[in-house]
Amino acid sequence: DSGVTQTPKHLITATGQRVTLRCSPRSGDLSVYWYQQSLDQGLQFLIQYYNGEERAKGNILERFSAQQFPDLHSELNLSSLELGDSALYFCASEDRTNTGELFFGEGSRLTVL
Amino acid sequence: DQQVKQNSPSLSVQEGRISILNCDYTNSMFDYFLWYKKYPAEGPTFLISISSIKDKNEDGRFTVFLNKSAKHLSLHIVPSQPGDSAVYFCAASAGNTDKLIFGTGTRLQVFP
């Protein structure tokens, strides 16, 4: 158990819909990262938050947005969903001593039909 | 542009033998490298790391080698065990507080 909690574990929805994925980092960790893993793809970095502030942005689509709340949990919002958005979405928190090691949640599997 | 590349999508090794997983990178600013292991239905877990000031780091059966001039790193697992069967991701960052860029992964299968 990494200590990072993601909900929901599985989500099936239709094209054009909007979903919200939730992540609770490990206790004390201030950084939250979101990654997307599509079929046969590596982990694509989407966005990073640190203590409520956006710190880095990767290949995140404009239809996607995220935020980190004062209690440090984070949400990834995916809107106007397309078939190609079907993927595993991982959240990770960073060791508070900034060793660079990330602790990943089990992921949220999104299926868009 | 894939800055971290794992050109072998899969590798099959007999139990007890050495497994060698390779990773290449293009960004010369990368100075911190990590390997993650991922089992099905689980998130990736940290395995071993190396900073650019070293060319080798060892942890039990796992050793990571870094060749900066070739922009290449490799993970050696000796001896390989069936429980090592998983997908291995190479990752890199420019500074240990920068975002990690992952490769596409190599699926290792260790057979008896």
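Author: A salt bridge is a side-chain nitrogen of Lys or Arg within 4 Å of a carboxyl oxygen of Asp or Glu. The structure discussed here is a predicted model.

Reader: How many salt bridges does the rule find across the interface of chain B and chain A?

Author: The interface of chain B and chain A brings 19 residues of chain B into contact with 19 residues of chain A. By class, the side of chain B that touches chain A has 9 nonpolar, 6 polar and 4 charged residues. Although charged residues are present on that side, the number of salt bridges that the rule finds across the interface is 0.

Reader: How many residue pairs are in polar contact across the interface of chain B and chain A?

Author: The area buried between the two chains is about 1,500 Å², and carbon and sulfur atoms give 57% of that area. For polar contact between chain B and chain A, both at pLDDT 80 or more, the number of residue pairs is 2.

Reader: Which strand gives the most to the side of chain B that touches chain A?

Author: The side of chain B in question has 9 nonpolar, 6 polar and 4 charged residues. One strand, covering residues 32–38, contributes 4 residues to that side. The strand that gives the most is β4 of chain B.

Reader: In β5(B), which residue is the bridge partner of Y32(B)?

Author: Strand β5 of chain B comprises residues 45–51 and runs antiparallel to β4(B), with 6 bridges joining the two. These strands form a hairpin with 6 residues between them, and A41(B) in the turn has a positive phi of about 65°. The bridge partner of Y32(B) in β5(B) is S51(B).

Reader: Why does the pair of Y36(B) and F46(B) tie together parts that are apart in sequence?

Author: The search of the whole structure finds 14 aromatic pairs over all chains. One of them is formed by Y36(B) and F46(B), at 5.9 Å centre to centre. With 75° between the planes, and over 60 degrees counting as edge-to-face, this pair is edge-to-face. Y36(B) lies in strand β4 of chain B and F46(B) in strand β5 of chain B, so the parts tied together are 10 residues apart in sequence.

Reader: Which strands are the edge strands of the open sheet of chain B?

Author: The open sheet has 5 strands in the order β1-β3-β8-β7-β6, with antiparallel pairing. An edge strand here pairs on one side only.

Author: Strand β3 of chain B covers residues 19–25. β1(B) and β3(B) pair in the antiparallel sense over 2 bridges. In β3(B), the bridge partner of V4(B) is Y25(B).

Conventions. Residues are numbered from 1 along each chain as its sequence is written. Chains are lettered from A and ligands numbered from 1 in the order in which they are written. This is a predicted model: local features need pLDDT of at least 70, side-chain atom pairs count only at pLDDT 80 or more; totals for chains, interfaces and linings use all residues. Side-chain values use heavy atoms; hydrogens and water are left out. Contact means heavy atoms within 4.5 Å. Buried area is the accessible area (1.4 Å probe) that two parts lose on being put together, summed over both. A polar contact is a pair of N or O atoms within 3.5 Å; within protein, one must be able to donate a hydrogen and the other to accept it, and residues adjacent in sequence count only if both atoms are side-chain atoms. Ala, Val, Leu, Ile, Met, Phe, Trp, Tyr, Cys and Pro count as nonpolar, Asp, Glu, Lys and Arg as charged, and the others, Gly among them, as polar. Two strands pair if DSSP finds at least two bridges between them. Rings of Phe, Tyr and Trp (its six-membered ring) pair if their centres lie within 6.5 Å; planes under 30 degrees apart count as stacked, over 60 as edge-to-face and the rest as tilted.
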